Amino acid sequence: MAYAALNSTISGLGTTATYASVFEEVSKLNVDMHFVERAWASWYLWMQNDTIATGILSFVMHEIVYFGRSLPWIIIDAIPFFNKWKIQNTKVPTWREQWECAALVLISHCTVELPQIWLFHPIATYFGMDYGVPFPHWWEMAYQIIIFFIIEDAWHYWFHRALHYGPLYKAIHKLHHTYSAPFGLAAEYASPIEVMLLGFGIVGTPIIWVLSTGQLHLATMYLWIILRLFQAIDAHSGYDFPWSLRRILPFWAGADHHDLHHERFIGNYASSFRWWDYCLDTEAGEAAAKKRREKKLAQIKAKKAQ
Ligand SMILES: [Zn+2]
Ligand SMILES: [Zn+2]
């Protein structure tokens with residue numbers, strides 16, 4: 001639904017209307033809409049500038065989710081009971097390390113990430129993104145998000161692997177590897193070039209999707225960003241629980257996969273899934289190295305036997 005139609009019906013409220021009064025009016029006119037949709041529509045109507053409305057919403061959401069999701073990991077790190085599930089359990093981050101990390105991440109959010117966050121709305125709407133109400137059906141959001149996860153994982157695998165090439169590693173990626181035992185807050189602790197390069201996989205995938213299919217809603221984009229932030233922060237948490245997602249979905253990477261990458265510096269380049277590293281023989285760690293050695297040995301033996 002276009003906001004113009006709603007706009008004319010609430011125009012009687014005038015330019016000094018509060019958000020609450022707009023919400024009340026929208027709720028009266030749209031009893032069939034659920035709360036989030038009414039709050040969403042009211043926000044755009046109240047702001048009167050869609051680019052600014054999305055920009056503020058995106059930035060605030062990103063900060064709340066990033067630091068909000070990191071907070072439980074900060075608390076868990078401070079409670080010794082959880083140490084038995086910490087992968088590198090002798091390397092618990094200090095308060096100082098966490099503070100310095102949070103400060104750099106916050107600066108990055110307000111500088112390099114800001115244009116990506118801000119420009120998303122005009123670019124995506126130019127290519128056909130919808131941001132009206134009602135939201136698309138849940139299954140439409142779900143299948144698109146699964147596709148984004150798969151595409152972004154491939155993007156991340158190749159560019160992250162490239163960033164481990166000597167000169168690129170030294171110039172760009174080394175900063176992210178400051179912590180050999182990562183923690184939640186360190187997920188976006190990276191150089192501006194890395195943030196833009198790997199961030200493009202996250203923001204660019206939905207743009208390419210809407211460009212080729214003409215179908216995307218901003219709410220789907222937000223849900224994707226929230227889930228991808230959860231993935232990145234949890235993968236850096238350093239904790240592998242018996243109830244972690246990778247125990248249910250064996251192809252899900254999780255903390256177990258990425259912690260090893262930070263510890264060994266080589267292998268496990270993908271973000272969300274294990275298949276790229278598995279198929280291209282770039283799995284990190286002792287077990288994978290042993291498997292590779294055995295495979296090579298078997299090949300040599302087979303050659304000799306011929
Ligand atoms: Zn790396
Ligand atoms: Zn990392």
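Select helix α4, which has 29 residues. From its first C-alpha to its last, α4 reaches 42 Å, close to the 42 Å expected at 1.5 Å a residue. Keep in mind from here on that this is a predicted model.

Stay on α4 and colour its buried residues: Thr54, Ser58, Tyr66, Arg69, Ser70, Trp73 and Asp77.

Is Pro72 buried, exposed or partly exposed? Pro72 has 13 other C-beta atoms within 10 Å, and is therefore partly exposed; a residue counts as buried only if 20 or more other C-beta atoms lie within that distance, and as exposed if 12 or fewer do. Now draw a distance from Pro72 to Gly184. These two residues are 112 apart in sequence, and their C-alpha atoms are 8.9 Å apart in space.

**The whole chain**

Zoom out. The protein has 14 helices and zero strands. The C-alpha atoms fill a box of roughly 85 × 50 × 40 Å along the principal axes. Of the 306 residues, 32% count as buried. Among contacts with a separation of 6 or more, 62% are between residues 24 or more positions apart.

Colour by confidence. The mean pLDDT of the protein is 93, and 95% of its residues reach 70 or more. Where is confidence lowest, and where is it highest? The lowest mean, 58, belongs to helix α1 (residues 3–10), and the highest, 98, to helix α7 (residues 138–163). Where pLDDT is low, the predicted coordinates should not be read in detail.

**The nonpolar cores**

Select Met129, Ala186, Leu216 and Ala270. They are the residues with the most contacts inside the largest nonpolar core, which has 39 residues. The elements that give two or more residues to this core are α4, α5 (95–110), α6, α7, α9 (192–213) and α10. Of the contributors, α10 gives the most, with eight residues.

A second, separate core has eight residues, including Val22, Val26, Ala41 and Val133.

Go back to Ala186 and show what surrounds it. Leaving aside residues up to four places away in sequence, Ala186 touches Cys101, Tyr179 and His236.

**Backbone details in the loops**

Most residues other than glycine have a negative phi, and most peptide bonds are trans.

Start with the bond from Val133 to Pro134. This peptide bond is cis, with omega near 0°. Pro134 is found in the loop between α6 (113–126) and α7. Val133 was met above as a member of the second core.

Then move to the loop between α12 (254–264) and α13 (275–279), where Phe265 lies. Phe265 is not a glycine, yet it has a positive phi of about 70°. Asn268 lies in the loop between α12 and α13 too, and has a positive phi of about 55° although it is not a glycine. How many C-beta neighbours does Asn268 have inside 10 Å? It has 25, so Asn268 counts as buried. Phe265 has 14 C-beta neighbours inside 10 Å, and so counts as partly exposed.

**Annotated regions**

The record, an unreviewed entry, places the feature "transmembrane region" at residues 207–227. Over residues 207–227 the chain is 81% helix and 0% strand, and the end C-alpha atoms are 17 Å apart.

The annotation "domain: Fatty acid hydroxylase", also from an unreviewed UniProt entry, covers residues 146–282. That span is 62% helix and 0% strand, and its end C-alpha atoms lie 24 Å apart.

**Last stop: α14**

Finish with helix α14 (residues 286–305), which has 20 residues. Its first and last C-alpha atoms are 28 Å apart, close to the 28 Å expected at 1.5 Å a residue. How many of the residues of α14 are buried? The count is zero, and α14 is hardly covered.

Select Lys301, which lies in α14. Lys301 has 9 other C-beta atoms within 10 Å, so it is exposed. Draw one more distance, from Lys301 to Leu227: these residues are 74 apart in sequence and 47 Å apart in space, C-alpha to C-alpha.

Conventions
Residues are numbered from 1 along each chain as its sequence is written. Chains are lettered from A and ligands numbered from 1 in the order in which they are written. This is a predicted model: local features need pLDDT of at least 70, side-chain atom pairs count only at pLDDT 80 or more; totals for chains, interfaces and linings use all residues. Helices (H or I, at least four residues) and strands (E, at least two) are DSSP runs, numbered from the N terminus. The expected span of a helix is 1.5 Å times one less than its number of residues. Two residues are in contact if their C-beta atoms, placed from the backbone, lie within 7 Å. UniProt positions are given in the numbering used here, feature names are shortened, and annotations may be inferred rather than shown by experiment. pLDDT is the predictor's confidence in each residue, from 0 to 100. A nonpolar core is a set of buried Ala, Val, Leu, Ile, Met, Phe, Trp, Tyr and Cys residues joined through C-beta atoms within 7 Å.
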